[in-house]
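Visitor: Please take me through this model one question at a time. Start with the terms you need.

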Amino acid sequence: MLVLATALVSLFSTALAINVGAFNIQHFGDTKMNEVGSQIVRILSHYDIVLVQEVRDADHTALNSLKNMLGAATWEYVSSNPIGRTASYKEQYVFFYKKASVHILGQFQYDDSARDVFEREPFSVEIQYHSATKNKNVNVVLMGIHTQPEKAFEELQALPGAMTTAKNHFSNAAGIISMGDFNADCSYLSASQRASMELFTAASYKSLISDSIDTTVATTTDCAYDRIVVQANGDVVADSAKVYRFDTALGLTADTTKAVSDHYPVEFRLN
């Protein structure tokens, strides 16, 4: 066991920071993979672990193709089951990660059957990485959430309870970070609604993406839909949270950018 622990520290210590992202790719499946798969690979390669939302790929054909293009020897993914109330429309939460940077220790699907608040119940993974600040391996929970736009207020009110449940499920985790397309702005969630919510006002939570950040690709919108909320993890690098404008970074045309997604990824770093 000591040999394994030492090997893990040695493996993790090659990275100075872990780059974490959340990206709503907008109806990801075989068609999108065939059309702009190479651009998606370039975007995901920016991260050590990234939550992908709006995945519609029950047979994992597109997901496996994406993993192979990223490099199956170095990349892996963990997927939820297809989730959603409607039989004809379900989505998966998927975490893609570099095996040399993080380890997935477990996964947890939140059970909302009693109250049925969430359209797509949050899906969590417990990851382990080497903390430079603590000089040891640290476990933290990453939770993915994609709210139903018209029910964003109700779902985000319930999110702290889901975070607590997931955190308790992984008893060795140092904290939990919820991220994804919260639909937390514009017509779906007002400033006054955010001001009434535990998630955005309680001292125990820290929202890393401010209300003034535009996470949408379209030039006609200015909405902070995508968010990152941290509870009790001191390894988040100060001021590292931002939107990754992949069109500018990769020199993509407006048409290609829109073909990839109507959202930009949001991201942060773990020290």
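Guide: The bend at a residue is the angle between two axes, one fitted to the seven residues ending there and one to the seven starting there. Helices (H or I, at least four residues) and strands (E, at least two) are DSSP runs, numbered from the N terminus. The model is predicted: local features need pLDDT of at least 70, side-chain atom pairs count only at pLDDT 80 or more, and totals for chains, interfaces and linings use all residues. Residues are numbered from 1 along each chain as its sequence is written, and side-chain values use heavy atoms, with hydrogens and water left out.

Visitor: At which residue does helix 4 bend?

Guide: Helix 4 covers residues 152-169. A proline, Pro160, follows the bend within four residues. The angle is about 35°, and the residue is Leu159.

Visitor: How far does helix 4 reach from its first C-alpha to its last?

Guide: The expected span is 1.5 Å times one less than the number of residues. Helix 4 has 18 residues, for which 26 Å is expected. The model comes close to that, at 25 Å.

Visitor: What does helix 2 span between its end C-alpha atoms?

Guide: Helix 2 runs over residues 30-44. It bends by about 85° at Val36. A straight helix of 15 residues would span 21 Å, but helix 2 spans only 17 Å.

Visitor: Which residues of helix 2 are buried?

Guide: Buried means under 20% relative accessible area, exposed over 50%, and partly exposed in between (1.4 Å probe, protein chains only). Val36, where helix 2 bends, is on the buried list.

Visitor: How many aromatic pairs does the count come to?

Guide: A pair of aromatic rings is described by the distance of the centres and the angle of the planes. Rings of Phe, Tyr and Trp (its six-membered ring) pair if their centres lie within 6.5 Å; planes under 30 degrees apart count as stacked, over 60 as edge-to-face and the rest as tilted. Ring pairs also form a cluster of Phe23, Phe246 and Tyr264. By this rule, the number of aromatic pairs is 8.

Visitor: Why is the pair of Tyr47 and Tyr244 given the class it has?

Guide: The two ring centres are 6.2 Å apart. The planes stand at 85°, so the class is edge-to-face.

Visitor: How many residues apart in sequence are the parts that Tyr47 and Tyr244 tie together?

Guide: Tyr47 lies in the loop between helix 2 and strand 2 (49-55), and Tyr244 in the loop between strand 11 (242-243) and helix 7 (246-250). Tyr47 is buried at 1% relative accessibility, and Tyr244 is buried at 10%. The pair therefore ties together parts whose separation, in residues, is 197.

Visitor: How much space lies in the largest pocket?

Guide: On a 1 Å grid over the protein atoms alone, a pocket is an open set of points where a 1.4 Å probe fits, with protein on both sides within 12 Å along at least five of seven lines; lining residues have an atom within 4 Å of a point. The lining here has 15 residues, with Lys206, Leu208, Val236, Val237 and Ala238 nearest the centre. By class, 9 are nonpolar, 4 polar and 2 charged. The volume is about 220 Å³.

Visitor: Which residues lie nearest the centre of the second largest pocket?

Guide: About 170 Å³ of space lies in this pocket. Strand 1 (residues 18-28) gives the most to the lining, with 3 residues. Of the 13 lining residues, those nearest the centre are Glu54, Asp181, Asn183, Asp262 and His263.

Visitor: What is phi of Asn183 near?

Guide: Asn183 sits in the loop between strand 8 (176-181) and helix 5 (191-195). It is buried, with a relative accessible area of 4%. Phi is positive in this residue other than glycine, near 50°.

Visitor: Is Asp239 buried or exposed?

Guide: Asp239 lies in the loop between strand 10 and strand 11. Its phi is positive, about 65°, although it is not a glycine. With a relative accessible area of 81%, Asp239 is exposed.

Visitor: How far apart in space are Asp57 and Thr86?

Guide: Asp57 is found in the loop between strand 2 and helix 3 (61-70). It is buried, at 3% relative accessible area. Asp57 and Thr86 are 29 residues apart in sequence, and C-alpha to C-alpha the distance is 16 Å.

Terms used. Points joined across faces, edges and corners; volume = space filled by probe spheres on them. Nonpolar A, V, L, I, M, F, W, Y, C, P; charged D, E, K, R; others polar.
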